[in-house]
Amino acid sequence: MKGVKQTRQKKAVFYLIGAICIWLLLIFFLSTQNGPETTTTSEGLAFVIAKYIFGTTDSMHVSWIHMFIRRQAHVVLFLILGSMIGLVCINVKTRISVWGRFIIGYAFLLFCSFFDEWHKQFISGRHNQFQDALLNVRGCTIGLGIVVLIYMVKTLTSK
């Protein structure tokens, strides 16, 4: 029975790493859109949301939602990435303690957060902002933090 559980755990880690790779590709794809492309994407979404929430496409409502989407997209994308990295940290079995794996995972997340902003300087119509990198870090911290909290509660209640 123990062998079956280990096999399932290895598969889960394998699938999680695949999902992380796909998610990183999505983040990179969104980050490599040029200025007009990224604006068109987020404004289109803001238009739809404004019509749904307010029943109108008033430019003030669309503009406010557009700004909100632009900021929160950083947090949400990296929150999901942080959660997936946290799950890998829990499920992968190595000689490194789970807390060491969390630290390594967080270091990887910090690298991804700042790299995502840094590389935008090379894309036409885009800019890199330290504030956006901090939004990425916020998302990573929340995502990984949720997984760590759940892990702690589960560990404490199982004893």
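Analyst: The chain has a mean pLDDT of 89, with 99% of its residues at 70 or more; pLDDT is the predictor's confidence in each residue, on a scale from 0 to 100. This is a predicted model, in which local features need pLDDT of at least 70 and side-chain atom pairs count only at pLDDT 80 or more, while totals for chains, interfaces and linings use all residues. Residues are numbered from 1 along each chain as its sequence is written, and side-chain values use heavy atoms, with hydrogens and water left out.

Helices (H or I, at least four residues) and strands (E, at least two) are DSSP runs, numbered from the N terminus.

The buried residues of H5 include Asp132, Asn136 and Cys140, along with Ala133, Leu135, Val137, Gly139, Gly143, Leu144, Val147 and Val148. Buried means under 20% relative accessible area, exposed means over 50%, and partly exposed lies in between (1.4 Å probe, protein chains only). Among the elements that cover these residues are helix H3 (59-91) and H4. H4 (residues 98-118) has the highest mean pLDDT among the elements of the chain, 95, whereas helix H2 (residues 35-54) has the lowest, 84.

Cys89 is in no disulfide, and the cysteine sulfur nearest to it, that of Cys140, is 12 Å away. Cys89 counts as buried because its relative accessibility is 6%. Cys21 counts as partly exposed because its relative accessibility is 45%.

As for the rest of the chain, it holds five helices and zero strands, in the order α-α-α-α-α from the N terminus on. Its C-alpha atoms fill a box of roughly 60 × 35 × 25 Å along the principal axes. Of the 159 residues, 33% count as buried. Contact means heavy atoms within 4.5 Å; among contacts between residues at least 6 apart in sequence, 69% join residues at least 24 apart. The chain exposes about 10300 Å², of which carbon and sulfur atoms supply 71%; accessible areas come from the Shrake-Rupley method with a 1.4 Å probe, and for residues only the protein chains shown count as cover.

Note on methods: Disulfide = S-S within 2.5 Å.
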